[in-house]
Amino acid sequence: MSIAREHEIHRRRFGRNLGVALTLAAFIALVFALTIAKVSGGGMIEAYDHTYRPALDPAVNPGAGGQP
Amino acid sequence: MTDIRATIGSTIGREESQPEAGFGDYFQLLKPRVMSLVVFTALAGLLVAPVSLHPVEAFASIVFIALGAGASGALNMWWDADIDRVMRRTARRPVPAGLVAPGEALGLGLGLSLISVLMLGLAANWLAAGLLAFTIFFYAVIYSMWLKRLTPQNIVIGGAAGAFPPMIGWVVATGHVGIEAVLMFALIFMWTPPHFWALALFMKDDYGKAGVPMLTVTHGRRVTRAQILAYTLALVPVALWVGFTSIGGPLYLGAALVLNAIFVWGAIGLWRRGEEAAELDAYRAEKRFFRFSLLYLFAHFAALLAEATPWAAILRAQFTLWGTA
């Protein structure tokens, strides 16, 4: 028997491994999507620098504007 | 190299006598057909609730409810492997067929139970997760391990396990249990006995051989036919009551009236029928009643989903009964 011979058992194990891999990938994608949905609360996610804060605006607050 | 070949050769030789499970065999442990009904009823419970949910949260919640149902299916197959082996209907399941080891089914069931409950708690809320945990416990322990082999009322009480999904779906959306959720639960709970006893009437040898105390085995087929009619009659007010709540409406009520009339008519037919007549036509009426019972449940929840659409709201507003709701 050649070592390269493809047997039913190889096909079955490949199918099983592929199934587990796809299931895990789907689970990761679902948890990632859920995290984004939970964190954003339905809105766009913006980092700290993208949010206007009057307290940091020298035009509004003359005391602000210096280097942190 | 010779050693490797010898190892592969011996492995293949062993596998040829005892086939190795594929991914599909493990998936079969989750009872995909039951899961599809769970997905549908849970989704209905979620969508008819008067609270909108982020689509991703809703989708994830349904996936984890389905996974929980699958976990309880795997636990049931692990526990019931001995009687599944005897019954024609279940003999080809992965554990009795020798494809999956009982320990693997147990491990898969416990693992998925833990994952599904934890993830539903994180995705939705902990009341929904608690209900899912209770459902898994109820199906695996109360029904499979305790009631199924003990009493002919097994499927009456055990039917609660199958009745929880729409309630869980409702709780996912609202965070609490309302009268609507209780009535959706009651609809499936009352529907389960006529559905399964109709199956028991034409799968007559299976349960007896396996020693499962189905009503047909313990009290006879005459009593079973009478009980099917009794539970079908008791189901009618529950099904109609849903129509008068905030999730009901004229569409649902109309559909429920027709479906219940047909279901009661079928149950009366089974009750009046003798065993001789049933055997003569190979239990045609019983099989028809069983098939219709599936359509009955599907159509009730489909009608509830239809009532949740904006067009149904316009129609509902024309009636004083629902218009002010």
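A residue is called buried when its relative accessible area is under 20%, exposed when it is over 50% and partly exposed in between, using a 1.4 Å probe and the protein chains only. This is a predicted model, in which local features need pLDDT of at least 70 and side-chain atom pairs count only at pLDDT 80 or more, while totals for chains, interfaces and linings use all residues. Residues are numbered from 1 along each chain as its sequence is written, chains are lettered from A and ligands numbered from 1 in the order in which they are written, and side-chain values use heavy atoms, with hydrogens and water left out.

**View 1. The two chains and the confidence of the model.**
Chain A has 1 helix and 0 strands, where helices (H or I, at least four residues) and strands (E, at least two) are DSSP runs numbered from the N terminus. Of its 68 residues, 12% count as buried, and the accessible surface of chain A is about 5,400 Å², with 65% belonging to carbon and sulfur atoms; such areas come from the Shrake-Rupley method with a 1.4 Å probe, and for residues only the protein chains shown count as cover. Chain B has an average pLDDT of 90, and 93% of the residues score at least 70, pLDDT being the predictor's confidence in each residue, from 0 to 100. Over residues 1-15 of chain B, however, pLDDT stays under 50, and the model has 15 contacts for this stretch beyond four places in sequence, a contact meaning heavy atoms within 4.5 Å.

Over all chains, a search of the whole structure finds 13 aromatic pairs; rings of Phe, Tyr and Trp (its six-membered ring) pair if their centres lie within 6.5 Å, and planes under 30 degrees apart count as stacked, over 60 as edge-to-face and the rest as tilted. The pair of B:Phe134 and B:Phe164 is edge-to-face because the ring centres are 5.7 Å apart and the planes stand at 90°. Since B:Phe134 lies in helix α7 (residues 126-147) of chain B and B:Phe164 in helix α8 (residues 154-174) of chain B, the pair ties together parts that are 30 residues apart in sequence. B:Phe134 is partly exposed, at a relative accessible area of 38%, whereas B:Phe164 counts as buried at 9%. Both rings belong to a cluster in which ring pairs link B:Phe134, B:Phe138, B:Phe164, B:Phe185 and B:Phe189.

**View 2. A stacked pair of rings in chain B.**
The rings of B:Phe263 and B:Phe289 are stacked, because their centres are 4.6 Å apart and their planes lie at 5°. B:Phe263 sits in helix α13 (residues 250-272) of chain B and B:Phe289 in helix α15 (residues 284-307) of chain B, so this pair ties together parts that are 26 residues apart in sequence. B:Phe263 is buried, with 1% relative accessibility, and B:Phe289 is buried as well, with 4%.

In one of them B:Asp80 is joined to B:Arg149, with the closest N and O atoms 3.0 Å apart. The two residues are 69 residues apart and link distant parts of the chain, B:Asp80 being in the loop between α4 (55-79) and α5 (81-86) of chain B and B:Arg149 in the loop between α7 and α8 of chain B. B:Asp80 is buried, with a relative accessible area of 0%, while B:Arg149 is partly exposed at 32%.

B:Arg225 and B:Glu286 meet through their side chains in a salt bridge of 2.8 Å, N to O. Because B:Arg225 lies in helix α12 (residues 220-242) of chain B and B:Glu286 in helix α15 of chain B, the pair ties together parts that are 61 residues apart in sequence. B:Arg225 is buried at a relative accessible area of 1%, and B:Glu286 is buried at 0%. Another salt bridge, of 2.6 Å from N to O, brings together the side chains of B:Asp281 and B:Arg273; B:Asp281 is partly exposed at 29%, but B:Arg273 is buried at 14%. Salt bridges that share partners join B:Arg221, B:Arg225, B:Arg273, B:Glu275, B:Asp281 and B:Glu286 into one network.

Technical notes: A salt bridge is a side-chain nitrogen of Lys or Arg within 4 Å of a carboxyl oxygen of Asp or Glu.
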